[in-house]
Amino acid sequence: MAADWKSFEPVLIPDIPHLEKIDVYEKNGGYKALEKVVKGNDWTPESVVNEVKAANIRGRGGAGFNAGLKWSFMPKPDGGPRYLACNGDESEPGTFKDRKIFEYNPHLFIEGALIAAYAMQITTIYVYVRGEYHSWIKMMEKALADAHEKGYIGKNLFGTDYSVDFYITGGAGAYICGEETSMLESLEGKRGYPRVKPPFPAQKGLWGRPTTINNIETLANVPLVINNGADWFKAIGPESHPGPILYGISGHVNRPGVYELPSGVPVMDLINDVAQGVRGGKKLKGLIPGGSSTPILRADQLEGVSMDSDSLREAGSMMGTAGMIVMDEDTDMVDMLWRISHFYHHESCGQCTPCRDGTGWLEKILLKIKNGDGEIRDLDLLLDVTTQMEGRTICALADAAAWPVRHTINRFRDEFEARCKKSVHAVA
Amino acid sequence: MEETYEFTKEDLQEIEIIKAKFPTVMPATLPTLWVAQRRFGHVEPPVQRLVAKTLDLPESHVHGVATFYTQYYKERKGKYVLDVCTTTSCQLCGGYKMLHYLEDKLGIKAGETTEDGMFSIQSVECLGACGYAPMMQITNDVYVNNLTEEKLDKVIDELKEGKMPEFESVGMPLLEKRNI
């Protein structure tokens, strides 16, 4: 647990005015890590991978997999193209952190992606950003053009024989494109249908070639690890899930926003100190800790819980993207859950029947309960549908749709039953 | 008779720049649909056919892509499309209230367009601005954060005068300003 979080100085988004400008970024030591590794001063591609692996940067897109380990899955170069695809799709409700990097420190991400590419001997990078982020795509286009002009992207970096291309491309409105293989399909100009794995992208990714996919925040951590070392990184927050985290806090709090703090900050500190408590002096009712798919926790389950994967798993939830949604005592859990189910039904790509039909059924039954026409047995039907969806589809969207339903009903069952009892169909 | 659509010389140059980013032509499908929508205001089937012809790709492929992604307008919309987010954080913070206020103000329901062709309203899924809820996006462009009825009144008045809101940075809550 990061007990000393109050003295933490942000490193992903430090308090430096106009850090988005390349000159300011350079004056603050920017692109030095890239120069070091590309010039090979004490660094080889392999040693970069090993350092990142040792730092244990766990993927910030939600899955939390060791980034360096993921990089090490790339096969040896065979002379053909290989790709890095940076995932800036960011569409999970509650999650709004990566665009802060695009806006306030885009070059940290760009430098991280370039170091990652060098480490994996990749010569083409794509950053895929959700289409709704029109303003941020423009900012990134500018940042990439500036980096290109300065010679950090393009031919013969720092006079070496390493050359790299870096492009930005946008989506057009589809949550599923945040799923890594769906993002690849979309990048290839198709409907965003997730691919069956295996083969994994490291073997067969973009255009059938080896591809690594990393989240924006994950890559932004890379220059910090190269500059300060894996041990420095590991010393921030809990050992099992270290590093700085961009916490997105939304919902019924006095001061919502994105806050950079160490991993492992106590949940109640984030709500009470960082976000300045629940709005209107109301009581806390529940919390979704890491984006809408992560299981909701009741206020009485939050005692002693900190924002890291181990602590949240013990509490019965997950870290996800650290996008916390706070709910006060007046929150109608039936309405809230119906809206989440509506989201997943809307966003199911329709490829797998358990997801396409399952998300529809969840929404339909919840709408019936919300409208006061529910029966107690509908609650068990909902739980039954979730078990028929989970783990039976190509990607995890069905799981992401099932978990909120199962956990919200189990953890707030009284409220759901009360709504059903209002129904004329209710059994006395 | 079907309306005919043509890209301008500038559009075609932009499409060439897009194509150069990728090893094959198919990845240009999404960005070229964007070019088309910005030019014509929608991607109805004749526009999809123009995109297919320009990229030398099957019409069925372009149609499949255009219909999969929500931001492409498969039917004509108003000059300004008001996408009000009503997903979880916005729902909790009054997104539906803002949506209904707009509906009453403009005399149309979500999914409809005003008779003068000025405004369309849509209730949309999460736009990734959860900390600034409730919010909306105007015609796939700027975000308007922390909506209130007064703010909506102002935005609508300004849009009627053809004034698009500026990009609004919501700032970073930096450490020393947190008063922790």
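Is Tyr69(B) buried or exposed? With a relative accessibility of 0%, Tyr69(B) counts as buried, a class that requires under 20% relative accessible area, against over 50% for exposed and partly exposed in between (1.4 Å probe, protein chains only). This is a predicted model, in which local features need pLDDT of at least 70 and side-chain atom pairs count only at pLDDT 80 or more, while totals for chains, interfaces and linings use all residues. Residues are numbered from 1 along each chain as its sequence is written, and side-chain values use heavy atoms, with hydrogens and water left out.

The model scores ipTM 0.95 and pTM 0.96. For chain B, the mean pLDDT (the predictor's confidence in each residue, from 0 to 100) is 94.

Tyr69(B) forms an edge-to-face aromatic pair with Phe68(B), at 4.9 Å centre to centre and 75° between the planes. Rings of Phe, Tyr and Trp (its six-membered ring) pair if their centres lie within 6.5 Å; planes under 30 degrees apart are stacked, over 60 edge-to-face and the rest tilted. Phe68(B) is also classed as buried, because its relative accessibility is 14%.

Lys370(A) lies over the face of Trp338(A), 4.7 Å from the ring centre, and Lys364(A) lies over that of Trp361(A) at 5.4 Å.

Terms used: Chains are lettered from A and ligands numbered from 1 in the order in which they are written. A charge sits over a ring if NZ of Lys or CZ of Arg is within 6 Å of the ring centre and within 35 degrees of the ring normal.
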